[in-house]
Amino acid sequence: MEVNLITKEDLQEFKAELLADIKNLFNIKISEQKLWLRSSEVKELLKISTGTLQNLRVSGSLSYTRVGGTLYYSYKDIEKMLNSKG
């Protein structure tokens, strides 16, 4: 019967590798995230109605940019708004 000993250094190395892998996963997810979202995407993301989205715009809680007839919202602005409410 073979006995394998795990040392404290082994665990620390495993921890470092695991944390690096987790950070890589988050970086991939962030890079895949769109920078600008349309109204329909924001409503789906936040699970809100058209009226609620309009109220966020009118109150200045969520900034937007109009290009032609389409409203775009910065993903970073949405994150800031959510973090400020929490």
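**Notebook: one chain, element by element**

I began with contacts along the chain. In the protein chain, 51% of the contacts with a separation of 6 or more join residues 24 or more positions apart. I noted at once that this is a predicted model.

**Overall layout.** I looked up the secondary structure next. The protein chain has 4 helices and 3 strands. Read from the N terminus, the order is α-β-α-α-β-β-α. Then I checked burial. Of the 86 residues in the protein chain, 13% count as buried. I also looked up the surface. The protein chain exposes about 7,300 Å². Carbon and sulfur atoms supply 56% of that area.

**Helix α1.** I turned to Phe14, which lies in helix α1, residues 8–32. Which residues form a nonpolar patch on the surface with Phe14? I found Leu18, Leu19, Ile22 and Phe26. Together with Phe14, they have about 490 Å² of accessible area.

**Helix α2 and Leu45.** I moved on to Leu45, in helix α2. Is Leu45 buried, exposed or partly exposed? Its relative accessibility is 42%, so Leu45 counts as partly exposed. The cut-offs explain this: buried means under 20%, and exposed means over 50%. I then listed the contacts of Leu45, leaving aside neighbours within four places in sequence. Leu45 touches Leu37, Tyr75 and Ile78. I checked one of these pairs along the chain. Leu45 and Ile78 are 33 residues apart in sequence. Their C-alpha atoms are separated by 9.8 Å.

I went on to Lys47. Where does Lys47 lie? I found Lys47 in the loop between α2 (39–46) and α3 (50–59). I looked at its backbone angle too. Phi of Lys47 is near 55°. That is a positive value, in a residue other than glycine. Lys47 counts as exposed because its relative accessibility is 74%.

**Strand β3 and Ser74.** My last stop was Ser74, in strand β3, which covers residues 70–74. Why does Ser74 count as buried? Its relative accessibility is 11%, so Ser74 falls in the buried class. Setting aside residues up to four places away in sequence, Ser74 touches Leu35 and Trp36.

**Side by side.** I put three residues together to close the page. Ser74 is buried at 11%, Leu45 is partly exposed at 42%, and Lys47 is exposed at 74%.

Methods:
Residues are numbered from 1 along each chain as its sequence is written. This is a predicted model: local features need pLDDT of at least 70, side-chain atom pairs count only at pLDDT 80 or more; totals for chains, interfaces and linings use all residues. Side-chain values use heavy atoms; hydrogens and water are left out. Helices (H or I, at least four residues) and strands (E, at least two) are DSSP runs, numbered from the N terminus. Buried means under 20% relative accessible area, exposed over 50%, partly exposed in between (1.4 Å probe, protein chains only). Contact means heavy atoms within 4.5 Å. Patches are made of residues with over 30% relative accessible area and no salt bridge: like charges are joined within 9 Å, nonpolar side chains (Val, Leu, Ile, Met, Phe, Trp, Tyr) within 5 Å. Accessible areas come from the Shrake-Rupley method with a 1.4 Å probe; for residues, only the protein chains shown count as cover. A salt bridge is a side-chain nitrogen of Lys or Arg within 4 Å of a carboxyl oxygen of Asp or Glu.
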